[in-house]
Amino acid sequence: MTRPTIKDVASMAGVSVMTASRALNNQPYVSAEAARRVQAAVEALGFHRNAFARGLPSAQSFIVLMLIGQGAPDLPGQFQRHAVERCRHLGRHLIVDRAPRDGNAVAYVEGLIDRLRPEGVLLWRPLADDPGVLAMLAARSIAFVRIDADPALSGGMVSIDHAEAVTTLVDSLGGGRAVALVHSESDTWLAKQRREAVLAAAGAATGAATGAATGNVRLCPAPSGDFGAGLEWGRRLAAEDETPALIIADRDELALGLLAAIKAQPAGRRPTLVCLEDTGSVRLVAPEVVRLIQPLEAMAHAALDMCIQHNPTASVRFQSTFARSNGTGDASG
């Protein structure tokens with residue numbers, strides 16, 4: 001007599017194979033009624049789970065874990081909406097968690113892996129650039145994909161081409177114009193990447209001294225990276241005889257502070273203001289700011305496909321665009 005399978009259990013219980021598997025492994029998102037029917041089917045069929053398969057880290061979990069950092073939630077939040085849709089299409093569940101602000105990130109992530117046994121993990125900064133976390137996942141053969149992270153580190157990755165995006169922007173506004181980059185002083189890979197992209201796009205050599213004017217680019221460091229720092233730099237730049245034609249902020253709070261200062265100037269003296277972040281505050285409050293728009297739907301689809309196909313070395317880079325908002329949060333050209 002053929003040994004009953006989990007497909008037989010699911011058929012008798014009137015549920016999907018995924019739901020039957022989750023009920024057998026005492027995992028969340030299974031109703032009490034569905035769990036009762038699965039248990040009844042198990043007893044009626046004499047079904048026995050394979051102990052070896054049950055012990056595998058990703059056996060029939062149908063879970064993808066997404067770990068985000070402690071920063072602004074806008075970008076991961078937009079990404080998450082598309083990831084949920086893709087997971088439904090692929091028959092998976094997306095579980096989102098936030099890394100602790102302090103403490104051992106490796107131990108925390110490993111604890112999640114032990115409890116959830118995900119098929120794969122999507123990593124946002126700072127975990128995406130944490131060598132300890134990456135080494136632990138690789139050692140446990142957990143598929144992981146990093147979002148917009150340092151390409152020098154191991155693991156699959158989906159990202160945007162910052163240099164290409166900024167170059168296209170500068171060219172579209174007319175090359176050769178004076179540019180001011182008001183930037184935080186973070187030493188993360190992303191912050192450095194943004195600074196290098198602006199310097200390269202304006203025809204300046206990278207590695208310029210912070211605070212100096214290099215070629216057509218003036219670097220304006222803002223240690224706090226907040227609204228007040230943006231407001232201060234906006235007033236300083238506006239008070240100069242030749243205000244830069246293009247001001248770029250690498251954070252949304254800096255952009256909002258700069259905008260407040262720029263609005264106090266006559267219309268003819270107002271420079272173009274660009275923000276390298278796309279957040280709800282900028283979209284809704286400051287529609288005149290040009291924002292960097294990432295293709296988050298395509299990035300989410302690619303990341304999930306890489307996780308589920310267990311393609312640990314793939315790297316996909318997408319093109320991004322710049323746009324203004326129409327004041328309702330929708331982008332326009």
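Q: In which hand of crossing, left-handed or right-handed, does helix 5 pass helix 13?
A: This is a predicted model, in which local features need pLDDT of at least 70, side-chain atom pairs count only at pLDDT 80 or more, and totals for chains, interfaces and linings use all residues. Residues are numbered from 1 along each chain as its sequence is written, and side-chain values use heavy atoms, with hydrogens and water left out. Helices (H or I, at least four residues) and strands (E, at least two) are DSSP runs numbered from the N terminus, and a crossing is left-handed if the near helix is turned anticlockwise from the far one by less than a right angle, and right-handed if clockwise. By that rule, the crossing of helix 5 with helix 13 is right-handed.

Q: Which word describes how helix 5 and helix 13 lie to each other?
A: Helix 5 (residues 74-90) and helix 13 (residues 296-308) pack with their axes 8 Å apart and at an angle of about 50°, where axes are lines fitted to C-alpha atoms, for helices over the stretch in contact, and angles run from 0 to 180 degrees between N-to-C directions. Angles under 35 degrees count as roughly parallel, over 145 as roughly antiparallel, 65 to 115 as roughly perpendicular and the rest as oblique. The two helices, helix 5 and helix 13, are therefore oblique.

Q: How many disulfides are there?
A: A disulfide is a pair of cysteine sulfur atoms within 2.5 Å. The cysteine sulfur closest to that of Cys87 is in Cys307, and because it lies 9.1 Å away, it is too far for a bond. By this rule the number of disulfides is zero.

Q: Is Cys307 buried or exposed?
A: Buried means under 20% relative accessible area, exposed over 50%, and partly exposed in between, with a 1.4 Å probe and protein chains only. Cys307 has a relative accessibility of 2%, so it counts as buried.

Q: Why is helix 2 described as largely enclosed by the rest of the structure?
A: In helix 2, the buried residues are Met18, Ala20, Ser21, Arg22, Ala23 and Leu24, and what covers them includes helix 1 (6-13), helix 3 (32-45), strand 1 (63-68) and strand 2 (93-98). Helix 2 (residues 17-24) is largely enclosed because, of its eight residues, the number buried is six.

Q: Which residues is Thr279 in contact with, leaving aside its neighbours within four places in sequence?
A: Thr279 sits in the loop between strand 10 (272-275) and helix 12 (280-285), and at 4% relative accessibility it counts as buried. Contact means heavy atoms within 4.5 Å, and, with those sequence neighbours left aside, Thr279 is in contact with Asp74 and Asp252.
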